[in-house]
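Let's take a walk through this protein together. Have a look at the model first, then read on.

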Amino acid sequence: FFHASAGAANDVLYKIIENLLLSESFLGSKAAKLNIEPTEKVKGEGEGFWFVIQFDRDTMSIVHLSSVDRMEESEDLTVSETYRNLTFFTSGISDLYSKRDDSNDDDS
């Protein structure tokens, strides 16, 4: 997974991650794979696969799982790592006018 020749292993790992995200066992969340062409570059994220995940009633993420192997080398060029990015764009909704009395929580 962390070597330049591990592309096939990264493809297998991708399938495992995809199955986990789409399974209902992933933190009890609901997920779906978005129908975006994998070669389409959206907001500079490059090639990959897109998912939408609803964690709870108030929290949702758009997830980009890159299909491009990236390589990073140490400064002395002795160590290199190959990886793929997994990026979460998360938004949440909160109630600005809570019915709960928060004045009891004030420590001042």
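**Starting from one serine**

Leaving aside residues up to four places away in sequence, S61 touches F51, V52, I53, F55, F88, F89 and T90, where contact means heavy atoms within 4.5 Å. With T90, the side chain of S61 also makes a polar contact of 2.5 Å (a pair of N or O atoms within 3.5 Å; within protein, one must be able to donate a hydrogen and the other to accept it, and residues adjacent in sequence count only if both atoms are side-chain atoms).

A word on what you're looking at: this is a predicted model, where local features need pLDDT of at least 70 and side-chain atom pairs count only at pLDDT 80 or more, while totals for chains, interfaces and linings use all residues. Residues are numbered from 1 along each chain as its sequence is written, and side-chain values use heavy atoms, leaving out hydrogens and water.

Is S61 buried or exposed? It counts as buried because its relative accessibility is 1%; buried means under 20% relative accessible area, exposed over 50%, and partly exposed in between (1.4 Å probe, protein chains only).

Now zoom out. S61 sits in strand β3, residues 59-66. The protein chain has one helix and six strands (DSSP runs numbered from the N terminus: H or I of at least four residues for helices, E of at least two for strands). β3 pairs with β2 in the antiparallel sense over eight bridges; two strands pair if DSSP finds at least two bridges between them. A hairpin of two residues joins β2 to β3, and G48 has S66 in β3 as its bridge partner.
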